[in-house]
Amino acid sequence: MVANSTLEFLKTRRSVLARNMTEPGPSADGLRDILSAATRVPDHGKLAPWRLVVLQDEARTSLGQIGADALFAKEDEKRVDAYATSAAQFLRAPCVIAVLACPKTHPKIPRSEMILSAGAVCMTLLTAAQSLGFAAQWLTGDVAYEPAVLKALGGQSGDEIAGFIYIGTPAQAPSERARPALDDVVHFGLPNLSSGQ
Ligand SMILES: Cc1cc2nc3c(=O)[nH]c(=O)nc-3n(C[C@H](O)[C@H](O)[C@H](O)COP(=O)(O)O)c2cc1C
């Protein structure tokens with residue numbers, strides 16, 4: 001049995017729901033450490049095809065209102081409660097980091113690889129924050145697909161929001177979450193060869 005503290009952490013870490021987060025978020029130094037870890041992800045061609053926008057304080061309110069305005073503009077009837085909940089969504093945590101995938105045109109490197117690299121940024125933000133004892137969760141929600149929200153975050157045409165990483169202090173510990181059985185998702189050898197080669 002091989003074991004070390006990093007592996008043990010990865011095998012047991014859990015996200016805390018954003019609604020179960022409270023103050024404080026990371027300090028400025030802690031946040032820099034989390035951001036530094038997350039911008040070391042594998043990145044084919046050193047393109048850095050992502051941007052990170054840190055939302056704290058008033059920026060969370062402003063982006064929430066932009067998102068709610070965009071979402072509810074499509075509805076005939078204004079649902080006051082739903083609008084207020086949507087507009088306040090980024091206030092659930094003291095710190096929210098928006099990760100934008102910003103794929104570039106490249107002769108050899110496919111767009112999908114750049115999107116995957118942005119996903120790696122999200123996962124590393126999540127694990128780095130959790131490794132420091134913070135509550136963290138990777139969310140998208142309907143707002144992530146609103147062009148007005150992308151624009152407010154400085155995104156350009158062709159960019160995508162890979163996720164919002166919520167970071168705070170756990171107000172309550174999460175329970176365990178069911179995970180797939182290894183045998184259901186892992187195959188040793190080529191699946192269509194019975195010899196397992
Ligand atoms: C790209 C992406 C977007 C997600 N968006 C949401 C979301 O909008 N709402 C939600 O409840 N969970 C969402 N999740 C799921 C949670 O981030 C997470 O999987 C769940 O809280 C369990 O976390 P854990 O496996 O880290 O414990 C998303 C996950 C990913 C990878």
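Q: Is the crossing of α3 and α4 left-handed or right-handed?
A: This is a predicted model, where local features need pLDDT of at least 70, side-chain atom pairs count only at pLDDT 80 or more, and totals for chains, interfaces and linings use all residues. Residues are numbered from 1 along each chain as its sequence is written. A crossing is left-handed if the near helix is turned anticlockwise from the far one by less than a right angle, and right-handed if clockwise. By that rule, the crossing of α3 and α4 is right-handed.

Q: At what angle do the axes of α3 and α4 cross?
A: Axes are lines fitted to C-alpha atoms, for helices over the stretch in contact, and angles run from 0 to 180 degrees between N-to-C directions. The axes of α3 and α4 come within 8 Å. They cross at roughly 140°.

Q: Which residues of α4 meet α3?
A: Contact here requires C-beta atoms, placed from the backbone, within 7 Å. On the α3 side are Gly 64, Gln 65, Gly 67, Ala 68, Leu 71 and Phe 72. The contact divides into five nonpolar (Ala, Val, Leu, Ile, Met, Phe, Trp, Tyr, Cys, Pro), four polar (the others, Gly among them) and no charged (Asp, Glu, Lys, Arg) residues. From α4 come Tyr 83, Ser 86 and Ala 87.

Q: What pattern of elements does the protein follow along the sequence?
A: Helices (H or I, at least four residues) and strands (E, at least two) are DSSP runs, numbered from the N terminus. The protein has seven helices and five strands. Read in order, they give α-β-α-β-α-α-β-α-β-α-β-α.

Q: How many residues of the contact of α2 with α5 are nonpolar?
A: Ile 34, Ala 37 and Ala 38 in α2 meet Val 121, Thr 124, Leu 125, Ala 128 and Ala 129 in α5. One residue of this contact is polar and no residue is charged. The nonpolar count is seven.

Q: What span is expected for α5?
A: Helix α5 covers residues 111-131, a run of 21 residues. The expected span is 1.5 Å times one less than the number of residues. From first C-alpha to last, α5 reaches 30 Å, close to the expected 30 Å.

Q: Why does Met 114 count as buried?
A: Met 114 lies in helix α5. It touches Leu 47, Pro 49, Ala 101, Pro 103, Lys 104 and Ile 109, not counting residues up to four places away in sequence. A residue is buried if 20 or more other C-beta atoms, placed from the backbone, lie within 10 Å of its own, exposed if 12 or fewer, and partly exposed in between. Met 114 is buried because its C-beta neighbours inside 10 Å number 22.

Q: Is Glu 75 buried or exposed?
A: Glu 75 sits in the loop between α3 (58-73) and α4 (80-87). Its C-beta neighbours inside 10 Å number 10. Therefore Glu 75 counts as exposed.

Definitions and conventions. Contact = placed C-beta atoms within 7 Å.
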